[in-house]
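Look at the model, then work through each step.

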Amino acid sequence: MELKKITENTYYIPGPTNLGLFVEDKKVILIDSGNDEWVGRKIFRLLEEREWELSKIINTHSNADHIGGNAYLQKKTNCDILATALESVFIDEPSLEPFLLWGASPFKALRNKFLQAQPSRVTHIIGEEGIISGTPLQAFPLEGHFIQMIGVKTPDEVLFLADSLFSTETISKYGLTVKSDIEKSLNTYSLLEKLSARLFIPSHTAPTKDISDLIRVNRENVEQINRKILYYCSEPVSRERLIQLLINDYQITLSSVQFVLTHITVSAHLSYLYDKQLIKPKFEEGKMLWTGNDKIDL
Ligand SMILES: [Zn+2]
């Protein structure tokens with residue numbers, strides 16, 4: 001685990017989930033805590049070596065790969081944990097994440113560390129926008145991926161983007177990236193276009209000074225999936241069948257975890273297209289089928 005200095009007070013730790021540190025007078029505010037207890041232990045040791053004290057963790061959102069180190073770090077340091085109201089519910093009760101993804105009590109294959117972290121205790125609920133109380137950091141609403149995700153900007157102009165933007169490589173590998181709300185994702189891209197920073201740090205790809213290409217690629221991906229679904233809805237089609245068609249299009253290797261992640265994203269697109277009055281459900285022979293208004297070409 002390597003600590004990279006960006007500015008006077010801001011650092012980041014590259015990894016499967018990039019983590020941020022804002023350090024003032026040897027007191028550390030950590031932005032997200034990584035995949036699991038192992039990452040938590042590594043962070044703890046890294047701070048100990050420098051005689052830094054962990055005062056707060058700000059979680060951008062509650063997905064297991066962003067809060068996995070919380071429980072260990074809070075047990076060792078009694079640090080505060082800050083999150084938005086809706087995300088805090090999932091941090092306090094991480095079993096809700098696989099529950100939400102499956103839509104009922106999840107079967108065992110979904111109750112693993114990729115979807116369900118150890119519980120930790122959120123000590124402060126924070127707003128989605130503006131100065132994060134008790135810190136010099138600023139929050140930005142980046143909804144669309146999970147329920148109430150935020151970005152965090154340090155006073156020295158480093159902006160941590162959470163999972164609002166995925167890399168071109170991730171998009172070409174998986175085709176679909178997790179979305180819970182398409183309208184909000186598109187609004188987030190528009191907001192991101194207006195934000196400035198010295199450096200942007202997405203959680204799952206390399207830091208960059210310019211996010212315009214990433215925004216374009218992510219927006220095009222959302223639009224492409226909308227078009228594909230509209231095309232498939234030329235004939236009445238079930239959600240399960242749509243998932244199958246997209247899984248085949250993007251050559252995604254299916255597993256229980258991959259299924260629920262694809263399922264939530266396809267569901268988000270269906271809600272979006274329904275609200276735009278482009279598709280509607282009909283009920284036939286015990287099936288819920290989605291159908292579009294017109295014949296659409298890809
Ligand atoms: Zn993530």
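What follows is a walk through some salt bridges in this predicted model.

Q: How many salt bridges does the structure hold?
A: Side chains of opposite charge can pair when their charged atoms come close. A pair counts here when a side-chain nitrogen of Lys or Arg lies within 4 Å of a carboxyl oxygen of Asp or Glu. The number of salt bridges in the structure is 12.

Q: Which residue meets lysine 276 in a salt bridge, and where is that residue?
A: Lysine 276 sits in the loop between helix H10 and strand S14. Its salt bridge spans 3.5 Å, N to O. The pair links distant parts of the chain, 93 residues apart. The partner, in helix H7, is glutamate 183.

Q: Is glutamate 183 buried, partly exposed or exposed?
A: Buried means under 20% relative accessible area, and exposed means over 50%. Glutamate 183 has 36% relative accessibility. That value lies in between, so glutamate 183 is partly exposed.

Q: What separates aspartate 213 and arginine 216 along helix H8?
A: The side chains of aspartate 213 and arginine 216 meet in a salt bridge. Both residues are in helix H8, 3 residues apart. Their separation is therefore about one helical turn.

Q: Which residue is linked with Asp213 and Arg216 in a network of salt bridges?
A: Asp213 and Arg216 form a salt bridge at 3.5 Å, N to O. The network also includes Glu220.

Q: What is the N to O distance between lysine 282 and glutamate 284?
A: Lysine 282 is partly exposed, at 32%. Glutamate 284 is partly exposed too, at 34%. Their side chains meet in a salt bridge, and its N to O distance is 3.2 Å.

Note on methods
Residues are numbered from 1 along each chain as its sequence is written. This is a predicted model: local features need pLDDT of at least 70, side-chain atom pairs count only at pLDDT 80 or more; totals for chains, interfaces and linings use all residues. Side-chain values use heavy atoms; hydrogens and water are left out. Helices (H or I, at least four residues) and strands (E, at least two) are DSSP runs, numbered from the N terminus. Buried means under 20% relative accessible area, exposed over 50%, partly exposed in between (1.4 Å probe, protein chains only).
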